[in-house]
Amino acid sequence: MKVIVTGAAGFMGSHLVDRLLAQGDKVIGIDNLSAGNLKNLESVAKAKGFIFIKADLLYPPAWVDVFKRTEVVFHFAANPEVRHSTRHPLEHYHQNLTATMNVLEAARKYNVKVVFASSSTVYGDPEVIPTPESHPIKPISIYGATKAAAELLCQTYTRLYGIKTLILRYANIVGPRLGHGAIYDFIEKLKRNPYELEILGDGTQRKSYLHVNDAIEATLAALQYLIEIGKQTETYNIGNTDWTTIKEIADAVVEAMSLQGVGYVYKPVTPDGRGWPGDVKLMLLDITKITRDTGWKPTKTSLQAVKETARVLLRESGSRASRSRTPFHNRVSRET
């Protein structure tokens, strides 16, 4: 196929580019590099069949014509920081929703299939766990709201213009090149202070984590199924069959960094122990539907994916925490 990947220099986008090129597709990557990094594309920069375009999806004249004779656009460009969306809602509105509208318009013009990277955050605080695709959409963050609104746009474009759309609600995706989220955050904090780790929330937040390789395989399996059965639109959860706590993630990072006696400082901002306004406390997606339709299953548990990610991020950063200072003694976990 000839495909487009928006957010191609980002975490998931770059892994998708790798996988598509490996299976022989021709790929056009689009990224404005506001969050993405060209280092993520170093291994494919000169690959046959790959073209990179630095462009902003908020300004269609710069990129819309590349949709000509393209079969599929994987729309992965977005601002991924859920916490950030609470403080800067308009920025998320434009980067996550206006950009999606522009992509849909380009897809309509050239009749291109759209694979939209949505999020588990569209469910908000779920009433049913594991949470199926039929669960009501009740986001509690601006990020989740923009993803939910973008889903509605995708579905409306299918009904109104006949564009094929695939909506994928991802759990927390982790792996090489990850540049945000709890694992990355803990590593950076422990590099600065290997004796004490600030944990947003009370540590009991429990969520599902999926390795990026599994997520990419699920993405391609879902697209193949949509094409084979000839449906106009479909929505799938993509996540793991289990979950893990933030405290267990902190333990995994501390272990990967070969640290001992690290004091945990918990900082909940709500009475029920959330890390920030809009933080979903419990998240475990029901992936029965995609498993039934495609046969796809995760190859790693949540904790296995977390531990492997911690190790690889440390290798990528090329540094470990240094304990050159006088160590703290009898450090204990506490809440503040």
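1. Let's start with helix H4. Its buried residues are Tyr 143, Gly 144, Thr 146, Lys 147, Ala 148, Ala 150, Glu 151, Cys 154, Gln 155, Tyr 157 and Thr 158. Keep in mind that this is a predicted model. An α-helix has 3.6 residues a turn, so residues three or four places apart point the same way; that's handy when reading the list.

2. The length of H4 checks out. After the helix comes Gly 162, with a positive phi near 80°.

3. On to the sheet. It's an open one, with 7 strands in the order S3-S2-S1-S4-S5-S6-S11 and parallel pairing. Strand S3 (50-54) and strand S11 (233-238) sit at the edges with a single partner strand each, so one side of each has no neighbour in the sheet. From one strand to the next, the twist averages 15°.

4. For a closer look at one pairing, take strand S1 (residues 2-6) and strand S4 (residues 72-75), which run parallel over 4 bridges. Ile 4 has Val 73 as its bridge partner in S4.

5. Now the helices against the sheet. H4 (residues 142-161) packs on it and touches strand S5 (113-119), strand S6 (165-170) and S11, with its direction at about 155° to that of S5. H6 packs on the sheet too, touching S4, S5, S6 and S11; here the angle is about 155° to the direction of S6.

6. What about the nonpolar cores? The largest has 64 residues, and the members touching the most others are Met 12, Val 17, Phe 74, Tyr 170 and Ile 183. Helix H6 (residues 212-229) is the top contributor, giving 8 residues. There's also a second, separate core of 26 residues, with Val 64, Phe 67, Val 73 and Tyr 157 among them.

7. Leaving out residues up to four places away in sequence, Phe 74 touches Val 3, Ile 4, Val 5, Thr 6, Leu 16, Leu 20, Val 115, Thr 219, Leu 220 and Leu 223.

8. Last one: Asn 237, which lies in strand S11. Is this residue buried or exposed? Asn 237 counts as buried, because its relative accessibility is 0%. Its side chain makes a polar contact of 2.7 Å with the side chain of Tyr 123. Beyond four places in sequence, the contacts of Asn 237 include Thr 131, Pro 132, Glu 133, Arg 169, Leu 285, Asp 286, Ile 287 and Ile 290.

Methods. Residues are numbered from 1 along each chain as its sequence is written. This is a predicted model: local features need pLDDT of at least 70, side-chain atom pairs count only at pLDDT 80 or more; totals for chains, interfaces and linings use all residues. Side-chain values use heavy atoms; hydrogens and water are left out. A nonpolar core is a set of buried Ala, Val, Leu, Ile, Met, Phe, Trp, Tyr and Cys residues joined through side-chain atoms within 4.5 Å. Buried means under 20% relative accessible area, exposed over 50%, partly exposed in between (1.4 Å probe, protein chains only). Helices (H or I, at least four residues) and strands (E, at least two) are DSSP runs, numbered from the N terminus. Contact means heavy atoms within 4.5 Å. Two strands pair if DSSP finds at least two bridges between them. Axes are lines fitted to C-alpha atoms, for helices over the stretch in contact, and angles run from 0 to 180 degrees between N-to-C directions. A polar contact is a pair of N or O atoms within 3.5 Å; within protein, one must be able to donate a hydrogen and the other to accept it, and residues adjacent in sequence count only if both atoms are side-chain atoms.
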